[in-house]
Amino acid sequence: KDYPKINILKPFSFCNVDEIFNLDSFVAPVGGQWNSGNGIVFGHYFEPISANQSQPLTYEVTDTNGCSNVKEINFRINPLPQIDFEADKYYGKIPLPIQFTNKSSITTGDILNYLWYFGDGDSSLVEHPLHAYLAPGFYDVILHAISDSGCWGTLSKEQMIEVYVGIEENNINNKIKVYPNPTKDFILIESTAPEVKINNLILINSLGEQCMFFDDLNHNSLKIERQNLPSGYYFIKIFDSKGNVYVQKMLLE
């Protein structure tokens, strides 16, 4: 009697992922015996990350006549793209154009397609996109890359971009001193001229929202504790006793 025929229905090509594949869809007839080990789990499932592609799989089928056939099947494990990217700047006031640069690589094969998400609802298929942020806020940036073997790689950089409102700084060093900058715990504001008194002070976050307000101070110095303010850029707007206004950008780490 003839040996039972074993047919390959689709290529044994897999991405190197922590996932299992049902081999019943790869061969006919189903219900045969796969060699144990080398990526075979639960009888007829294949786990790429635990397989050695230098050793072929073996599949044995026995028919109702008691005739059996064994087939060696070579398979391929394809690498995932290793994703990385950078930007020409990471913060600034609106409108903020940013040039993103793809730095992804792959050990074998080629990366064919890219998909960017900029965190503001926009996306791009360009490898090195230029994107403009038009609203203040913190933005996560995500890059997906797809290789010529159909394998995906993904990287998300949370709060990569900070865009703040267009508050203009001015020169305050000759009248008012603000330090340390950057700071972690507190901000010190001091008048460098005895006749200049700090009257009012407003602390504004990168979204243009008022976080703190002090009025009727009439002091030569003031210490502001950080309290529960999140990290990011802030603007200190100071009004002195003579009606002058000073604005200083601060970084809370």
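In what follows, a residue is buried if its relative accessible area is under 20%, exposed if over 50% and partly exposed in between, with a 1.4 Å probe and protein chains only. By that criterion Phe14 is buried, because its relative accessible area is 2%.

The model is predicted, so local features need pLDDT of at least 70 and side-chain atom pairs pLDDT 80 or more, whereas totals for chains, interfaces and linings use all residues. Residues are numbered from 1 along each chain as its sequence is written, and side-chain values use heavy atoms, without hydrogens and water.

My topic is the aromatic rings. Rings of Phe, Tyr and Trp (its six-membered ring) pair if their centres lie within 6.5 Å; planes under 30 degrees apart are stacked, over 60 edge-to-face, and the rest tilted. The whole structure holds 16 aromatic pairs. In one of them, Phe12 and Trp34 have ring centres 6.1 Å apart and planes at 50°, so this pair is tilted. Phe12 lies in the loop between strand E1 (7-8) and strand E2 (13-15), and Trp34 in strand E5 (residues 33-34), 22 residues apart. Strands are DSSP runs of E with at least two residues, numbered from the N terminus. Both Phe12 and Trp34 are buried.

Phe14 and Phe26 also form a tilted pair, at 5.4 Å centre to centre and 35° between the planes. Phe14 belongs to strand E2, while Phe26 is in the loop between strand E3 (21-22) and strand E4 (27-28), 12 residues apart. Phe26, at 6% relative accessibility, is buried.

Notes:
Helix = DSSP H or I, 4+ residues; strand = E, 2+ residues; numbered from the N terminus.
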